[in-house]
Number of protein chains: 2
Amino acid sequence: MSLQAPLTSLYETATENRVGGHAVNRLAAAQSLLADDLRAIDEAIRCLAGSGPRPATDAALHLNGGGGKRVRPIAVLLSAACFGPISQVARDLAAVAELIHLATLLHDDVLDDADERRGRETSRRVWGNAVSVLSGDLLLTHALGETQRVAPGETLSDLIATLQQLVSGEVVQLRGRRSLDVTEAIYFQIVEDKTASLFSWATRAGARVGGGDSEQIAALGRYGKHLGVAFQLVDDALDYVGEAAAIGKGLHADLMQGKLTLPLTIAVRKRPKAMGDVLLARNGDEAAALRVVGAVAETGACDEVRKRAQHETGEAMAALDTIPAGVARDLLAAVAADLVKRLM
Amino acid sequence: MSLQAPLTSLYETATENRVGGHAVNRLAAAQSLLADDLRAIDEAIRCLAGSGPRPATDAALHLNGGGGKRVRPIAVLLSAACFGPISQVARDLAAVAELIHLATLLHDDVLDDADERRGRETSRRVWGNAVSVLSGDLLLTHALGETQRVAPGETLSDLIATLQQLVSGEVVQLRGRRSLDVTEAIYFQIVEDKTASLFSWATRAGARVGGGDSEQIAALGRYGKHLGVAFQLVDDALDYVGEAAAIGKGLHADLMQGKLTLPLTIAVRKRPKAMGDVLLARNGDEAAALRVVGAVAETGACDEVRKRAQHETGEAMAALDTIPAGVARDLLAAVAADLVKRLM
């Protein structure tokens with residue numbers, strides 16, 4: 001169906017999608033509407049991740065096989081769909097967005113000494129750090145090669161600038177884990193650089209190849225940036241309130257790795273003595289970790305994070321004002337609105 | 001001075017350059033003739049390596065501060081100089097070639113658990129593996145950003161394809177270290193992919209921005225490829241016959257890391273029993289390592305490697321046939337000819 005069709009048909013489709021008796025959320029509705037595109041993109045991702053020498057490709061395919069919500073590809077597709085039918089180039093760039101994401105995960109797991117991701121062993125646990133580093137490097141070059149092939153020029157140069165920003169964010173985050181000197185301002189800078197930058201590229205790339213004008217490309221870029229910040233805020237809060245199975249990397253992983261995310265920063269601001277337990281938790285003291293989790297709960301830090309996330313999704317939706325009305329725009333708004341519901 | 005000037009003035013300049021009473025070789029002559037360009041390039045490399053957040057920049061600047069022969073930048077400059085005065089774009093791309101090289105070294109040292117590089121501690125020893133991985137990522141994105149800025153289009157797409165090849169070579173090398181199943185054919189494939197590809201990009205990029213036609217660009221690309229293979233052959237042989245101080249990473253480092261380079265492959269072919277000692281050496285047995293080094297010497301493996309390197313430099317020089325005569329072309333030939341002398 002066309003994503004420029006009237007909204008009614010979307011809801012008809014969406015309400016038909018019920019999982020375990022519950023109406024699925026609208027991200028699932030988007031996944032359902034885009035099912036054919038997403039299948040093609042999955043195939044493209046597998047093809048690119050599997051292209052090159054083993055065991056780097058094994059490591060990439062293992063990570064990719066763990067699933068994932070494909071939020072970044074969906075962001076590319078819906079942004080393109082705001083302006084017309086989804087083209088092959090948009091699908092190719094959707095695959096690129098996921099490849100970049102997978103590349104950063106492969107390097108992240110090495111930086112974090114992480115053992116679990118998406119509910120299964122990390123690639124670095126199976127193949128070792130060296131293979132994971134090279135596998136990430138390989139995916140990165142494939143993503144660049146694919147962008148060069150289908151959208152050289154502005155979309156490629158935008159991607160390169162995005163990668164610079166993304167890596168800078170990773171470095172500042174790593175530095176903060178060592179010094180434990182992360183203010184809220186630094187936290188938001190890290191989130192914008194390391195997470196929101198790729199979302200923002202995804203929506204700009206989609207809008208650009210979909211045929212948006214420069215104002216609309218910038219507007220969707222703002223949407224992507226705010227969506228990305230909200231996404232990371234929710235993800236960071238889930239480390240404290242979620243169920244380990246739901247996030248697939250073990251609860252409190254951030255805390256044990258010394259990542260000063262917003263829930264922790266707020267809790268420590270409200271109860272400075274908790275910092276002692278944060279330090280102990282970073283060194284593997286599980287009792288201290290539980291006390292920190294208690295402090296996060298008692299200070300209402302996660303409520304504050306949810307409010308910030310709501311503010312960001314509000315900004316994301318506001319950025320859609322200049323985008324032509326239609327199912328694609330409505331779905332973008334719905335994806336943003338539903339994001340925060342994961343915290344309720 | 002112009003590099004299209006007659007050759008006589010080159011030799012006048014070169015013979016003026018004496019270090020410790022010995023006439024310097026012609027790589028040094030090239031360094032001397034290109035001194036102003038290389039100074040500007042050094043400054044550009046420092047600027048790019050230092051751009052971004054610490055400690056990633058510290059790690060990059062530390063590695064860069066260890067020196068290095070700047071062979072890849074020289075390859076860019078001389079290739080450009082074959083066709084006219086050296087432009088700013090050629091200088092910028094010369095810096096890019098070195099940045100890519102530095103990025104691979106940062107990741108290599110993580111893969112190798114290397115402690116020493118260019119006679120000083122590796123960055124990963126000082127700042128840890130995580131910083132080194134991100135520092136390499138950052139340099140890579142800077143190199144891409146700089147190429148995008150000064151030479152988008154063919155030189156950028158050529159770089160992206162080169163990076164894919166380079167990383168593939170690293171993966172195959174890593175796989176070989178685990179399986180110890182490296183034939184000579186696989187060895188040459190690794191060398192072409194991981195080392196020669198960047199040399200070949202450097203000479204093509206120089207020729208392209210210098211104004212060579214497509215045949216000349218391809219010819220200089222072949223020169224660069226053969227030069228790169230010869231360069232790696234010499235480097236690998238020096239691990240067995242060189243002085244540790246001269247190569248700055250400790251003698252027999254390749255052997256202790258289980259890298260089956262050509263000297264070893266030849267020695268094992270001629271004396272299959274040596275494989276037992278190779279396995280022991282990989283596990284840290286120094287007595288076994290010394291026996292392997294003995295086997296390499298007795299089988300004349302390094303002589304054979306030198307002959308192969310001479311063959312490669314011969315091919316490199318032959319590739320210069322269609323390049324306009326002048327000092328730049330003569331220096332390219334001289335750089336190739338002098339390379340093998342390191343093994344004499």
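Select helix α3 of chain A and its surroundings. The buried residues of α3(A) pack against α4 (56–65), α5 (71–81), α6 (88–111) and α8 (129–150) of chain A. Helices here are DSSP runs of H or I, at least four residues long, numbered from the N terminus. This is a predicted model, in which local features need pLDDT of at least 70 and side-chain atom pairs count only at pLDDT 80 or more, while totals for chains, interfaces and linings use all residues. Residues are numbered from 1 along each chain as its sequence is written, and chains are lettered from A and ligands numbered from 1 in the order in which they are written.

Stay on α3(A), residues 35–49. Its 15 residues should span 21 Å at 1.5 Å a residue, and the end C-alpha atoms are 21 Å apart, which agrees. The expected span is 1.5 Å times one less than the number of residues. Colour Asp37(A), Ile41(A), Ala44(A), Ile45(A), Leu48(A) and Ala49(A): they are buried. Buried means 20 or more other C-beta atoms within 10 Å of the residue's own, exposed means 12 or fewer, and partly exposed lies in between, with C-beta atoms placed from the backbone. Look down the axis of α3(A): the buried residues fall within an arc of 125°, so they line one face of the helix. The arc is that of the directions from the helix axis to the C-beta atoms. Now turn to the face away from the buried side. It carries the exposed residues Ala35(A), Asp36(A), Arg39(A), Glu43(A) and Cys47(A).

Next, select α16(A), residues 286–298. This helix has 13 residues and reaches 18 Å from its first C-alpha to its last, close to the 18 Å expected. Its buried residues are Val292(A), Val293(A), Ala295(A) and Val296(A). Down the axis of α16(A) they fall within an arc of 155°, so they line one face. Show their partners: α11 (214–241), α13 (253–256), α14 (262–270), α15 (274–282) and α17 (301–318) of chain A. The face turned away from the buried side carries the exposed Ala287(A) and Glu298(A). Just after the helix, Gly300(A) takes a positive phi of about 65°.

Move to Thr265(A), in helix α14 of chain A. It is partly exposed, with 19 other C-beta atoms within 10 Å. Leaving out residues up to four places away in sequence, Thr265(A) touches Val182(A), Glu184(A), Tyr187(A) and Leu260(A). Contact means C-beta atoms, placed from the backbone, within 7 Å.

Now show both chains. Here 32 residues of chain B are in contact with 32 residues of chain A. On chain B, α6 (88–111), α8 (129–150) and α9 (154–179) each supply at least two residues of the side that touches chain A. α9(B) gives the most, with 12 residues. Of the interface residues of chain B, 100% are also interface residues in chain A, so the copies meet through the same surface.

Last stop: Ser168(B), in helix α9 of chain B. With 23 C-beta neighbours inside 10 Å, Ser168(B) counts as buried. Beyond residues up to four places away in sequence, Ser168(B) touches Gly52(A), Pro53(A) and Asp193(B).

Methods: Two residues are in contact if their C-beta atoms, placed from the backbone, lie within 7 Å.
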